[in-house]
Amino acid sequence: MWSFFHKLGSPPWLYSISGVILRWLLPITLVALAVGLTWGLLFTVPDFRQGNSYRIIYIHVPAAVVALAGYYVMAIAGAINLIWKMKMADVAMKSAAPVGAALTFVALLTGAIWGKPTWGTWWVWDARITSMLILLFLYLGVIALYEAFDNKEAAGKACAVLCLVGMVNIPIIYKSVDWWYSLHQPASIKFTGDSSIDTSMLYPLLLTIAAFYALFTCCLLMNMRAELLQRGARTSWVKKLALAGKST
Amino acid sequence: MYFDSFDALLTMGGHGGFVWSAYLITILVMAAILIAPGRRRKKFLRQLAGELKRSRGDPNITEEEV
Amino acid sequence: MSPPGSLQFCVRLLRRQLVLAVRRPIEIGNPLLFFAMVVALFPLGLGPAPDQLAGFAPGILWIIALLSNLLTSDAVFRSDFEDGSLEQLLLAPQPLFISVLAYIGAHWLITGLLLALVSPVFALMLNLPGSAVGTLVLSLLLGSGVLSLVGCIGAALTVGLKRGGMLISLLVLPLYMPVLIFGSAAVKAAVTGAAAGPYLAILGAMLCLAIALSPLAIAAGLRISIDA
């Protein structure tokens, strides 16, 4: 049990084990994404109210779910870095930020594209959209703070504090935006309730959600591998790897 | 498959442009976040290998550089 | 001579910060001047129609208060960081949790409290109904406390950075949003004659939470910035 944690703190071990994991996970992810998206795009029946535009749900919802989960991954990694001073947690936190930001961006963009045929406008100040926008700001804040520090160890800790502050704030932000929206909600916009989703639509959605989680994990691991090498540029295992010329 | 013809698949009852552009952008972003870290890693390894070879005075490398 | 207790220490720090501020009155005046100038921008941009302005007034006043709070929070720790007294504070035996409350308290007294007290003037300039002015002052009093507490987290994290000014707004503005929502909602409720109490209560709850948690983050942020 403890040896596992000791190994987790060792960059060469983490580098090689993540390589092994990726060799399996990456193909599975790609297949799951391909199957899930094709299923949703081609083989489901259209929603009786929204028509075919609802097919965007198979990218919009998974991206939003995983973007939010990604922030928690980042914040928990930051907390581990602050409490137990684990360098690998810092690597994980830094690597999660760009992936999470990209997924948040996808969720916002697909939401806007979905909004045009559904509500007749690209952007509504809807509670969920607004909180996703704020989530994107939080991600960008973390990335900007990390880049601003010259001392990367301090950068990691400062970002960890910021992530934790953000994590405490996310429920508050979400609730307040939700409440704010219900106060201002224009009557012209109708949402289809979450519970109304048919099982024939639900299964591909669950598949794509799982695939997006796997995608996040893959990107996180690949970012971590690149980061591990860059941080260990002066260590012998990285030099050996570079001289071996092996790219896997 | 739900759609009868390729044409129906493309237009999706008037929503095709929205659906396809959303999927296309998502796939582009996904490709970017999947490819970028690998490229960063390989570029770094190439650079480091070059630096190490140069600092060791490898004749094959120095000749090319001069 | 025994070292002062933590509360006594906190009061002395607070007095020091206030004395420093009073010696440079321009620093106190700047946020107020900023507030006045931005208030003047809105009629120029939105048009001078009194009814329209009155409708936007709660939001306008709250956004300006938020911005002037943000602009001043950048400087809370900066001069003490540069002359090294912040490092002394970190080494002091008194708990940092209490000491940073003195800094925040001073910042709130200089910006938040003053802004809340002069806000009725600007509210009348923007044609806000007189019945809502009391709520505006109260909501600003409570809300600017939260803003100061949250803004100081950003200040603590960026104090060691040369180019911190723009960054702090990136970090802190998303965290300000709940305060803005409930603060302006309280004023709007007062304008329409609805009960503003619940909104003020939520602002108070946010203030309690921020007092309990943000000094922890600020203390951690200061230690990181000093170490860097």
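1. In this predicted model, 27 residues of chain B are in contact with 39 residues of chain A, contact being defined as C-beta atoms, placed from the backbone, within 7 Å. The side of chain B that touches chain A comprises 19 nonpolar, 5 polar and 3 charged residues. Here Ala, Val, Leu, Ile, Met, Phe, Trp, Tyr, Cys and Pro count as nonpolar, Asp, Glu, Lys and Arg as charged, and the others, Gly among them, as polar.

2. Chains A and B share the most contacts of the 2 pairs of chains in contact. Chains B and C do not touch, and their nearest C-alpha atoms are 24 Å apart.

3. The contact between chains A and C takes 24 residues from chain A and 21 residues from chain C. On the chain A side, α5 and α6 (152-184) each supply at least two residues, and the largest share, 14 residues, comes from α6(A). That side divides into 19 nonpolar, 4 polar and 1 charged. Helices are DSSP runs (H or I, at least four residues), numbered from the N terminus.

4. Within chain A, the axes of α3 (residues 57-84) and α5 (residues 127-148) come within 11 Å and cross at roughly 40°; axes are lines fitted to C-alpha atoms over the stretch in contact, with angles from 0 to 180 degrees between N-to-C directions. In α3(A), Ala64(A), Ala67(A), Leu68(A) and Tyr71(A) meet Met132(A), Leu135(A) and Leu138(A) in α5(A). By class, this contact has 7 nonpolar, no polar and no charged residues.

5. Residues are numbered from 1 along each chain as its sequence is written, and chains are lettered from A and ligands numbered from 1 in the order in which they are written. In this predicted model, local features need pLDDT of at least 70, side-chain atom pairs count only at pLDDT 80 or more, and totals for chains, interfaces and linings use all residues.
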